[in-house]
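Please open the model in a viewer and keep the sequence at hand.

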Amino acid sequence: MFPTINLKLMVLSFLMLGVLFSCKNEAKTETTPTQQKAGTEEVQKQGQAFIKEDGSTPNVLQIAIGSPDHTTLVAAVQAAELENVLVNAGPLMVFAPTNEAFAALPEGTVEDLLKPENKDALANILKYHVTAGNYSKEFLMKFKKLGQANDQSVTVEVVGDEVLVGGAKILASVPAGNGIVHVVDKVMLPPTE
Amino acid sequence: MKKHIYLVMGLFGFAALFTGCGNGNQGKGSSGALNSSNAEKVYVAPGEHDEFYAFMSGGYSGNLTVYGLPSGRMFKEIPVFSQFPTSGYGYSEETKPMLNTSHGFVPWDDSHHPDISQTNGELDGRWIFINGNNTPRIARISLTTFETEEIIEVPNSAGNHSSSFVTENSEYVVAGTRFSVPIPQRDMPIKEYKGNFQGALSFISVDPEHGHMDIKFQIIMPGFNYDLSHPGRGKSHGWFFFTTYNTEEASTLQEVNSSQNDKDFIAAINWKKVEEYVNNGGGTKMAANYAHNVYDESTHTATSTMKKEVLTVNPIDIPGAVFFLPTPKSPHGCDVDPTGQYIIGNGKLSADLTIHSFDNMIAAIEGKKFDGEAYGIPILKFEDVLAGTVKSGGLGPLHTEFDAEGNAYTTFFISSEVVKWKLGTWEVIDRKPTYYSVGHLMIPGGNSRKPFGKYVVALNKITKDRYLPVGPEMEHSAQIYDISGEKMELLYDFPTHGEPHYAAGIPAELLAPKSTKFYKLSDNKHPYATLGAADSKVVRDGKDVHIYMSTIRSHFTPDNIEGVKVGDKVYFHVTNQEQDFDVPHGFAVIGANTSELLVMPGQTKTIIWEPKKVGVWPFYCTDFCSALHQEMQGYIRVSPANSNIDLSWSLGE
């Protein structure tokens with residue numbers, strides 16, 4: 001089937017070009033790099049993160065973007081190009097360190113991680129803050145550990161009334177359309193194996 | 001102002017095209033619109049045929065849909081587990097037995113994983129099998145008539161999910177349970193799940209001539225969840241592999257409790273060994289009750305038989321038959337490459353793929369290098385069987401299929417992408433986004449020894465803004481990619497029907513030439529068939545009235561019927577006398593509490609009508625059969641219950 005169609009289309013395009021431009025030698029099929037490039041750029045802006053606002057409950061990404069306390073986190077998510085990961089059906093539980101938490105890292109750490117060459121390391125750290133699940137702070141007390149999106153486990157400890165995830169304390173929790181955001185006071189660093 | 005800008009731009013564009021002419025320096029993109037390579041690749045001109053059939057499971061529709069690739073055009077919905085008023089499937093007297101189960105008549109199911117029959121590990125295009133997930137059943141559909149021919153219920157199973165995959169010569173179609181349950185079922189506390197519930201893996205033999213299914217044996221496994229499975233092939237033929245999760249054996253809140261172990265298992269079953277064991281008298285016969293429903297093409301009628309016994313096998317009674325391969329993170333898809341060497345575990349809560357080596361597995365078994373046991377089943381050492389890991393960078397791997405060039409293609413649900421990687425080197429070659437949140441994918445023959453690796457179809461779970469909105473519920477989207485080159489290329493986006501969980505594709509040339517055009521009237525052995533208009537009659541048997549009706553363009557014989565009374569049970573047995581391709585006749589009668597009938601040429605179908613009101617009631621043909629279709633109608637007179645009008649019938653009097 002394909003050879004026939006290709007042939008027909010080629011003949012057709014040949015004829016049309018001939019009619020329109022009276023070009024005798026130029027009507028060769030050729031690849032269209034410019035068009036494909038445009039296509040690729042378009043693809044990068046596609047995905048669930050770029051769906052127009054439809055009135056749905058904000059997802060975990062939208063909650064982070066809307067929070068003035070999480071501008072560093074959002075910048076990091078964008079630098080790591082993880083937007084589309086945070087908007088899928090989930091459920092996703094995001095431990096969202098505040099700007100203050102990022103600022104508490106040794107000087108220069110954040111700047112380093114935001115460099116393009118450190119994109120993978122940054123993505124690894126960010127994914128360590130994401131669990132497939134949706135649990136309230138109280139419910140988290142049932143766990144001893146959580147399996148994180150970077151493939152490592154983070155410990156869960158109960159200290160008094162608080163639950164510490166990877167040593168970080170939950171300051172506030174915001175339910176999201178595709179999970180929950182727990183605002184935490186510390187950046188959780190993945191254990192090195 | 002804006003208008004001016006457009007005008008200027010338009011003129012400029014036009015001028016640019018003209019300047020491209022004849023100067024040998026044509027802009028590279030200038031002929032792009034006419035090349036339109038992607039459109040060309042999926043365009044199947046009017047009257048031309050697609051290159052592949054694609055069979056997509058209907059998920060909660062309970063059915064199977066047939067598409068063409070690359071066009072994405074839907075050709076047919078084949079009713080399987082669900083009543084289908086369009087054709088009368090599950091409503092007609094002939095097809096009602098197809099939906100019989102040990103729970104009674106079950107008119108719906110959740111159909112998941114279609115798989116095409118194989119010979120020597122290659123698609124043979126005889127049948128396609130599909131599992132009913134909810135009330136465990138396996139169906140066999142003819143790829144000649146494209147009709148469901150057989151359904152067998154699976155006892156001791158619940159959530160028939162790791163099904164319905166065929167072995168290399170269709171020796172077996174295999175059905176594994178998702179839920180472990182008490183075997184046999186009994187009244188017991190749910191809390192006592194651990195150690196008491198069990199999971200049945202059923203090997204259903206397929207008769208090589210007619211395809212008839214029979215449960216040869218069930219392996220009664222520990223109480224894990226058995227998620228997906230695939231057969232060994234080539235060197236690993238004779239083995240079957242199942243992914244498990246919830247090896248913790250939790251009975252509640254599995255989203256927490258079944259993710260506590262770092263590794264679950266892939267269960268490797270040497271079914272040839274088990275077969276030998278049962279052929280030599282091994283196994284235990286257990287009382288059971290399950291339906292076996294078979295449709296007979298010559299009588300156009302299904303019969304349902306309840307079977308009362310099933311042969312069960314305890315895996316620890318057959319040393320060397322069952323092993324566990326530790327596999328990280330609740331693996332979903334369990335896929336075997338075309339050579340049979342690699343077994344891929346798609347750990348859905350993981351970023352990585354785990355690939356086990358069949359050779360390593362055999363070496364570890366021979367060397368008895370075990371790392372403990374679970375319920376007496378030896379566990380192999382992860383490091384001993386591991387062939388490699390694909391560090392994908394994606395999230396949530398679900399399912400992998402293969403091309404014929406040694407490449408694998410894996411879906412990632414969370415990161416919404418298809419990742420192409422190389423078998424053996426485990427390097428990622430390409431990745432492309434899907435729209436959105438892809439479940440399974442399908443390459444025609446992609447789970448056989450001979451894949452036809454031209455296209456991959458991604459079956460997405462989320463649609464959102466991909467099409468014009470039609471209220472809160474959107475049909476699921478599929479994307480077709482050209483995989484003939486190094487990089488995948490997204491070609492087209494099309495909606496599917498129901499919720500396709502999986503699909504199977506096959507080159508059109510293997511099916512199209514043998515597709516049934518019509519049923520031969522002379523072969524019709526239906527007990528109520530009307531083989532010629534002269535044989536039409538109406539027969540009363542107590543309150544039952546049997547109308548032997550024939551149809552031809554464009555009238556019913558008879559079309560005037562009298563002598564029927566309120567309280568009667570009227571059977572319209574409609575035989576289509578046509579012997580031409582694609583000339584069905586429909587039959588509908590006012591107030592029927594069932595559905596219409598769509599009767600294929602040469603076929604007989606029956607619908608019951610129980611008139612409740614006195615009057616003269618119409619019936620008509622629902623299928624636009626000819627220029628005189630609108631004339632294809634008739635009347636049935638319904639008299640009071642106590643009337644003494646004799647039965648009479650006529651045409652043209």
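Begin by selecting A:E81, which is partly exposed, with 13 other C-beta atoms within 10 Å. The model is predicted. A:E81 lies in the loop between α4 (71-79) and β1 (92-97) of chain A. Its phi is near 55°, a positive value in a residue other than glycine.

Among the contacts in chain A with a separation of 6 or more, 61% are between residues 24 or more positions apart.

Turn next to chain B and select B:N246. Here too phi is near 55°, a positive value in a residue other than glycine. Is B:N246 buried or exposed? B:N246 counts as buried, having 25 C-beta neighbours inside 10 Å. Its place is the loop between β15 and α4 (254-257) of chain B.

Select the whole of β14 (residues 225-231) of chain B: seven of its seven residues are buried, so the strand is largely enclosed by the rest of the structure.

The next selection is an open sheet of ten strands in chain B, in the order β6-β7-β8-β9-β17-β18-β13-β12-β11-β10, with mixed pairing. Which strands stand at the edges? They are β6 (115-119) and β10 (165-166) of chain B; each has a single partner strand, so one side of each is left without a neighbour in the sheet. B:V166 has B:V173 of β11(B) as its bridge partner.

Proceed to helix α6 (residues 358-366) of chain B, and show the side chains of B:F358, B:M361 and B:A364, which are buried. These residues cover an arc of only 125° around the axis, which puts them on the same side of α6(B). The elements against which the buried residues of α6(B) pack include β16 (263-270), β19 (322-328) and α7 (382-385) of chain B. Just after the helix, B:K368 takes a positive phi of about 50°.

Now select the largest nonpolar core, which has 161 residues. Those with the most contacts inside it are B:A54, B:I204, B:I269, B:V456 and B:V457. Leaving aside neighbours within four places in sequence, B:V457 is in contact with residues including B:A54, B:L69 and B:I480. Apart from this core lies another, of 29 residues, among them B:V545, B:I547, B:V574 and B:L597.

Colour chain B by its domain assignment: domain 1 (52-514) and domain 2 (521-650). Their centres, taken over C-alpha atoms, are separated by 42 Å. Twelve residues of domain 1 of chain B are in contact with 15 residues of domain 2 of chain B. On the side of domain 1 that touches domain 2, the residues divide into two nonpolar, eight polar and two charged.

The bond from B:R553 to B:S554 is cis, with omega near -5°, and B:S554 is found in the loop between β36 (544-552) and β37 (555-557). The bond from B:T557 to B:P558 is also cis, with omega near -5°, and B:P558 is in the loop between β37 and β38 (560-565) of chain B.

Definitions and conventions:
Residues are numbered from 1 along each chain as its sequence is written. Chains are lettered from A and ligands numbered from 1 in the order in which they are written. This is a predicted model: local features need pLDDT of at least 70, side-chain atom pairs count only at pLDDT 80 or more; totals for chains, interfaces and linings use all residues. Two strands pair if DSSP finds at least two bridges between them. Helices (H or I, at least four residues) and strands (E, at least two) are DSSP runs, numbered from the N terminus. Two residues are in contact if their C-beta atoms, placed from the backbone, lie within 7 Å. A residue is buried if 20 or more other C-beta atoms lie within 10 Å of its own, exposed if 12 or fewer, and partly exposed in between; C-beta atoms are placed from the backbone. The arc is that of the directions from the helix axis to the C-beta atoms. Domain bounds come from an automatic or database domain assignment. Ala, Val, Leu, Ile, Met, Phe, Trp, Tyr, Cys and Pro count as nonpolar, Asp, Glu, Lys and Arg as charged, and the others, Gly among them, as polar. A nonpolar core is a set of buried Ala, Val, Leu, Ile, Met, Phe, Trp, Tyr and Cys residues joined through C-beta atoms within 7 Å.
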